[in-house]
Amino acid sequence: MTQSFKKLRGLTGMHDVLPDQSAQWEQLEEIVRDWLASYGYRNMRTPILEHTQLFARGIGEVTDIVEKEMYSFTDSLNGDKLTMRPEFTAGIVRSAIEHNLLYERPQRIYSIGPVFRHERPQRGRYRQFHQIDVEALGFPGPDVDAEMIVMLDRLWQRLGLTDVRLEINSLGQSHERAAHREALIAYLEQHQDILDDDAKRRMYTNPLRVLDTKNPDLQEMADAAPRLFEFLGEESLAHYEGVCQRLDAMGIEYTLNPRMVRGLDYYNLTVFEWITDRLGAQGTVCGGGRYDGLFELLGGKSTPGIGFAIGMERLLELVQQQDILPNTAECDIYMVYQNDAGQQQAMVLAEQLRDAGLRVVVHAGPKSMRAQFRRADNSGALAAIILGQSELETQQASVKWLRAPALNDEQPQQEQVDFAQCAQFLKSRIGD
Ligand code: HAM
């Protein structure tokens with residue numbers, strides 16, 4: 001009796017990146033890595049799994065992420081409580097402390113990879129998504145704060161994105177937040193009767209979060225609440241102005257959004273978000289800020305830090321709307337042949353072409369010439385190289401141009417080239 005198996009599907013909110021899309025991811029990543037390198041940022045990689053406590057302490061117990069969005073489980077083999085990273089910053093700071101990374105000098109660091117949040121999936125909001133995470137560790141600012149914002153502006157320019165706007169705020173220092181908190185609790189107490197359960201629960205533990213509410217009935221109350229910005233002292237204001245002056249000098253537009261609180265508790269002073277209207281409800285492409293207390297919170301020495309993360313899927317969607325990333329073909333050259341001797345010659349020639357930097361696929365599969373040409377065309381290759389009997393006898397390959405740039409009205413569609421000259425010839429016609 002044959003058994004039939006039910007088709008399995010991927011998890012809700014987690015997406016496969018198929019080969020056509022993956023080519024675009026890789027191109028975008030390449031641009032991003034070049035951009036980061038041009039500002040002196042170096043890559044580092046931390047594990048996806050960390051102790052749950054790292055995120056609970058780092059991001060804050062009373063945040064949406066820690067309270068309801070983390071993929072956490074107990075390792076049944078040793079009882080460890082683990083969490084799949086919902087962001088990079090806490091792990092990078094943990095690692096910097098553990099390896100004494102800042103012993104000699106401050107560090108500019110980046111990481112790209114998947115992060116996990118158990119949110120309600122919708123356009124632009126996934127449960128596994130990818131971040132380009134960038135951290136400047138050991139710099140008190142405000143110069144580096146401004147540099148980070150400037151570099152993001154440059155990235156948008158490089159990608160041809162025009163509709164991304166910058167909002168900034170200052171969250172001050174802890175004593176200023178404490179004074180604001182008191183005022184805020186007093187204000188919330190006055191509005192007890194309209195608060196929802198979430199707000200009531202957080203009113204004393206994390207009142208600032210109450211202002212971050214998504215409940216439309218609470219918006220008016222949240223809008224009129226005392227603002228942290230009004231509690232900032234001289235030093236915090238000077239830091240904020242230091243950032244603004246540099247942004248002005250660099251011609252970067254921004255708006256102060258005194259209600260911006262960000263979804264993570266480690267921030268102080270500068271916070272910022274880049275927002276677009278082109279992505280529907282999930283319009284924040286990038287968010288970040290300063291976290292001068294995080295090293296200490298995670299058991300390290302007091303060390304300033306600032307960083308941001310770009311949502312890779314959201315950035316990619318924006319870039320796709322501009323249509324500037326070309327679709328990458330499977331290869332430059334597709335090799336077709338008539339018989340086994342031709343196939344073997346193709347393998348030899350293909351290695352020479354690859355050595356010259358070309359991307360080459362040697363046909364495998366159905367043997368008919370028609371089928372082979374169809375595959376050559378579908379591959380997106382610029383040319384097919386044909387190795388029939390006569391080509392083997394003359395030791396000359398037939399090059400059939402399939403696409404521009406070499407396929408044009410001024411040149412023949414098919415040309416003969418000595419095997420030995422093939423790589424050079426193809427490169428001269430195709431360009432680099
Ligand atoms: P975040 O604001 O939580 O910050 O996330 C950064 C970005 O990740 C967002 O602006 C958004 O583009 C993207 N993102 C967030 N959640 C989702 C989701 N469910 N689906 C798709 N994209 C999403 C942080 O994670 C901080 N660690 C940033 C940072 C680095 N601050 C300092 N250093």
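Me: How many bridges join strand β7 to β8?

Reply: In this predicted model, strand β7 (residues 164-170) and β8 run parallel and are joined by 2 bridges.

Me: Which sheet do they sit in, and what's the strand order?

Reply: They belong to an open sheet of 8 strands with mixed pairing, and the order runs β1-β5-β6-β11-β10-β9-β7-β8. The edge strands are β1 (42-43) and β8 (255-256), each of which pairs on one side only.

Me: And which strands does helix α5 lie across?

Reply: Helix α5 (residues 143-158) lies across β5, β6, β7, β9 (268-276), β10 and β11, and it runs at about 20° to β11. Helix α4 (residues 89-98), for its part, lies across β5 (107-116) and β6, running at about 45° to β6.

Me: OK, on to the ligand. How many residues surround it, and which are the closest?

Reply: The ligand is surrounded by 27 residues, of which E87, E119, E135, Y267 and T284 are the closest. Sorted by class, that shell holds 10 nonpolar, 9 polar and 8 charged residues.

Me: Which strand gives the most to that shell?

Reply: That is β10, which contributes 6 residues.

Me: What lies 3.1 Å from an oxygen atom of the ligand?

Reply: For Q131 it is a polar side-chain atom that lies 3.1 Å from a ligand oxygen, whereas for V285 it is a backbone N or O atom at 3.1 Å from an oxygen of the ligand. A backbone N or O atom of G311 also lies 3.2 Å from an oxygen atom of the ligand.

Me: How much of the ligand does the protein bury?

Reply: The protein buries 95% of the 660 Å² that the ligand exposes when it is taken alone.

Me: What about N100, what is its phi?

Reply: N100 has a positive phi of about 50°, although it is not a glycine, and its place is the loop between α4 and β5.

Me: Back to strands. How do β3 and β4 pair?

Reply: Strand β3 (residues 71-74) pairs with strand β4 (residues 81-84) in the antiparallel sense, over 4 bridges, and Y71 stands opposite M84 of β4. There are 6 residues between the strands of this hairpin, where G79 takes a positive phi near 80°.

Me: Last one: what is the order in the sheet of 5 strands, and what packs on it?

Reply: That open sheet has the order β13-β12-β14-β15-β16 with mixed pairing, and its edge strands are β13 (360-362) and β16. Within the sheet, strand β12 (residues 333-337) and strand β14 (residues 383-387) run parallel and are joined by 5 bridges. Helix α13 (residues 340-355) packs on the sheet and touches β12, β13, β14 and β15, its direction making about 170° with that of β13. Helix α14 (residues 369-378) packs on the sheet too, touching β12, β14 and β15, with its direction at about 175° to that of β12.

Terms used: Residues numbered from 1 in each chain as written. Predicted model: local features only at pLDDT ≥ 70, side-chain atom pairs only at ≥ 80, totals over all residues. Heavy atoms only, no water. Near = heavy atom within 4 Å. Polar contact = N/O pair within 3.5 Å; in protein donor to acceptor, adjacent residues only side chain to side chain. Areas by Shrake-Rupley, 256 points an atom, 1.4 Å probe, with all protein chains shown as cover. Nonpolar A, V, L, I, M, F, W, Y, C, P; charged D, E, K, R; others polar. Pairing = 2+ DSSP bridges. Contact = heavy atoms within 4.5 Å. Axes fitted to C-alpha atoms, helices over the stretch in contact; angles between N-to-C directions.
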